[in-house]
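Trainee: I have a new model to read. Please take me through the main features, starting with the general idea each time.

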Amino acid sequence: SGEAHAVSSVTVNGRPEQEGAEQSLGLYLNSLPLAVSLEPGSWSELLARVNDTYRKGMGYRRYPLSVIQQSLGQDFGEVSFNYTHFHALEAVQESVEEQGVELLGGSGYEQTNYGLVMNFSRLSGLDEIGLDMTFDASLYSAAFIERLGEMYVRVYQSLLADL
């Protein structure tokens with residue numbers, strides 16, 4: 001974009017970190033704004049800055065985004081970033097298959113107030129990252145989203161070549 005700073009809401013898990021928390025029911029996801037300076041440098045330096053900012057924000061992972069937005073007088077509903085890696089799935093998948101359980105299909109539905117949602121997933125059993133972009137067609141054209149996807153491919157190719 002040519003901007004000196006990037007801001008995105010990042011999906012974080014706020015499930016309590018205590019014995020038995022995995023048995024509790026509830027929506028433990030929240031979005032936190034993450035702002036990073038895009039000063040010139042290497043990919044490693046940028047990743048370190050993003051990681052440092054992310055780690056510092058983890059203390060606020062249970063603080064509602066709506067309260068953050070009200071406190072700062074800003075709306076962080078433009079872009080959301082979500083990364084998932086269901087690493088535990090690989091451990092139970094073998095057990096499920098041994099029990100004769102077969103996945104016949106699946107579907108999903110998501111409604112969000114974000115204009116653009118970037119969902120990155122580490123694919124189970126593969127050393128690959130999947131990208132799913134959900135966008136409000138009244139804000140972004142399909143051609144723009146296609147160019148954005150192509151840009152992400154180029155960025156990741158550059159990032160991997162420079163590490």
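This is a predicted model: local features need pLDDT of at least 70, side-chain atom pairs count only at pLDDT 80 or more; totals for chains, interfaces and linings use all residues.

Trainee: What is the order of the five strands in the open sheet?

Mentor: Residues are numbered from 1 along each chain as its sequence is written, and side-chain values use heavy atoms, with hydrogens and water left out. Now the general idea: strands of a sheet pair through backbone hydrogen bonds, either parallel or antiparallel. Here the order is S2-S1-S3-S4-S5, and the pairing is mixed. The edge strands are S2 and S5, each pairing on one side only. Neighbouring strands of the sheet are turned by 25° against each other on average, direction ignored.

Trainee: What counts as a strand, and what counts as pairing?

Mentor: Strands (E, at least two residues) and helices (H or I, at least four) are DSSP runs, numbered from the N terminus. Two strands pair if DSSP finds at least two bridges between them.

Trainee: Which way do S1 and S2 run, parallel or antiparallel?

Mentor: Antiparallel. Strand S1 (residues 5-13) is joined to S2 by nine bridges.

Trainee: Which strands does H1 touch?

Mentor: H1 packs on the sheet and touches S1 and S2. Contact means heavy atoms within 4.5 Å. The direction of H1 makes about 140° with that of S2. For such angles, axes are lines fitted to C-alpha atoms, for helices over the stretch in contact, and the angles run from 0 to 180 degrees between N-to-C directions.

Trainee: How many bridges does S4 make with S3, and how many with S5?

Mentor: Strand S3 (residues 79-84) pairs with S4 in the parallel sense over six bridges. Ser80 has Val117 as its bridge partner in S4. On to strand S5 (residues 129-135): seven bridges join S4 to S5, and these two run antiparallel. There, Arg122 stands opposite Ile129 in S5. S4 and S5 form a hairpin with six residues between them, and Gly125 in the turn has a positive phi of about 80°.

Trainee: Why is S4 described as largely enclosed by the rest of the structure?

Mentor: Start with the cut-offs. Buried means under 20% relative accessible area, exposed means over 50%, and partly exposed is in between (1.4 Å probe, protein chains only). S4 is largely enclosed because five of its seven residues are buried.

Trainee: Next, the charges. How many salt bridges are there?

Mentor: Side chains of opposite charge can pair when their charged atoms come close. The rule is a side-chain nitrogen of Lys or Arg within 4 Å of a carboxyl oxygen of Asp or Glu. By this rule there are five salt bridges. One of them joins Glu39 to Arg49, with the closest N and O atoms 3.8 Å apart. This pair links distant parts of the chain: Glu39 is in the loop between strand S2 (29-37) and helix H1 (43-57), Arg49 is in helix H1, and they are 10 residues apart. Glu39 is partly exposed at 45% relative accessible area, and Arg49 is partly exposed at 21%.

Trainee: What else does Arg49 touch?

Mentor: Leaving out residues up to four places away in sequence, Arg49 touches Val36, Ser37, Leu38 and Glu39. Arg49 and Ser37 are 12 residues apart along the chain, and their C-alpha atoms are separated by 8.1 Å.

Trainee: Where are Asp52 and Arg55 relative to each other in helix H1?

Mentor: They are three residues apart, so about one helical turn separates Asp52 and Arg55. Their side chains meet in a salt bridge (3.1 Å, N to O). Asp52 is partly exposed at 26%, while Arg55 counts as exposed at 52%. Asp52, Arg55 and Lys56 are linked in a network of salt bridges.

Trainee: Is Asp127 buried or exposed?

Mentor: Asp127 is exposed, with a relative accessible area of 71%. The side chain of Asp127 meets that of Arg122 in a salt bridge (3.6 Å, N to O). Arg122 is partly exposed at 34%.

Trainee: Which residues form the nonpolar patch on the surface?

Mentor: Patches are made of residues with over 30% relative accessible area and no salt bridge; like charges are joined within 9 Å, nonpolar side chains (Val, Leu, Ile, Met, Phe, Trp, Tyr) within 5 Å. This one consists of Phe86, Leu89, Val92, Val96 and Val101, with about 440 Å² of accessible area together. Accessible areas come from the Shrake-Rupley method with a 1.4 Å probe; for residues, only the protein chains shown count as cover. Val101 is in the loop between helix H3 (87-98) and strand S4 (116-122). At 49% relative accessibility, Val101 counts as partly exposed.
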